[in-house]
Amino acid sequence: MNEVVGSHDLLLVTLDTLRYDVAQELAVDGRIPNLARHLPGGVWERRHAPGSFTYASHQAMFAGFLPTPAAPGPHPRLFAARFEGSETTAPDTFVYDTPDLVSGLAAVGYRTVCIGGVGFFNKRGPLGSVLPGMFQESHWEPEFGVPSPTSFEAQVARAEQVVAGLPQEQRLFLFVNVSALHQPNWFHLPGATRDAGDSRATHAAALEYVDRHMGRLFAAVRSRRPCFAIVCSDHGTAYGEGGYSGHRIGHDVVWTVPYAHFFLDEAS
């Protein structure tokens, strides 16, 4: 990462609430082609989330603790704050001298931009301002939020505007929190109803919706120079497993998340 930081733009996309099993099923079945073409081997890596809900997980990720490979470690990290005794900081790790990755990248010349999705990014109160407040520039509109059936395409349109407005020489760290997977998501499945509510099937339909617009986001971030992209979930969610619904609970479908990182070459 010491060769990537400074030479590439950086993209971090959190597919908020996306379950690993649903993501992997859709990749294998060819239902998310725009994402799958960039996944190593066409499949997601199985990882463990650093938190069981959005706020906790993003605080950890912004401190350099991305989802951990679901196998015995230690696992060297891509990014880490300078911390004596860290067993996951390796020679290839980008180490920064600030409390978090966002300010660490800003310190080496990156423009840091957040395009929020779920309520923890809505800036409507003190709690919803903490995470976006870490960035030099942050965006949130009701159209980006959980209840909007067109949330991701609205977020992508804002990302396109952000990229188009940057000077060519300016390095960019763009973070997008995708809200479409989060409950409620029933409206993404044709024929589903509000009364029937959300299900594993509507969750899958929401991921298909996101995939239809993901190519535009990737095209935008690679339009000026090569980009290093990280796409992952921050946590999963339960749809009745063991009697549980939702997240912020210690269930395997919550802790197990899909992860991938890859390079997006500059557009020709």
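**Aromatic pairs, paired strands and a buried arginine**

Let me begin with Arg19, whose side chain makes a polar contact with the side chain of Asp21 at 2.7 Å; a polar contact is a pair of N or O atoms within 3.5 Å, where within protein one must be able to donate a hydrogen and the other to accept it, and where residues adjacent in sequence count only if both atoms are side-chain atoms. Please keep in mind that this is a predicted model, in which local features need pLDDT of at least 70 and side-chain atom pairs count only at pLDDT 80 or more, while totals for chains, interfaces and linings use all residues. Residues are numbered from 1 along each chain as its sequence is written, and side-chain values use heavy atoms, with hydrogens and water left out.

Where does Arg19 lie? Arg19 is found in the loop between strand 1 (9–15) and helix 1 (20–28); helices (H or I, at least four residues) and strands (E, at least two) are DSSP runs, numbered from the N terminus. With a relative accessible area of 1%, Arg19 is buried, a word that stands for under 20% relative accessible area, with exposed meaning over 50% and partly exposed in between (1.4 Å probe, protein chains only). Leaving aside residues up to four places away in sequence, Arg19 touches several others, including Arg200, His203 and Tyr239, where contact means heavy atoms within 4.5 Å.

Now to the rings. Rings of Phe, Tyr and Trp (its six-membered ring) pair if their centres lie within 6.5 Å, and planes under 30 degrees apart count as stacked, over 60 as edge-to-face and the rest as tilted. By this rule there are eleven aromatic pairs. One of them is edge-to-face, formed by Phe62 and Phe175 at 5.1 Å centre to centre with 85° between the planes. Because Phe62 lies in helix 3 (residues 54–62) and Phe175 in strand 8 (residues 171–178), this pair ties together parts that are 113 residues apart in sequence. Both Phe62 and Phe175 are buried. Phe135 and Phe173, by contrast, form a stacked pair, 6.1 Å centre to centre and with 25° between the planes. Phe62, Phe121, Phe135, Phe173 and Phe175 form one aromatic cluster.

Finally, let us turn to the strands. Strand 2 (residues 45–48) runs antiparallel to strand 12 (residues 256–264), and four bridges join the two; strands pair if DSSP finds at least two bridges between them. Within this pairing, Glu45 has Tyr259 in strand 12 as its bridge partner.
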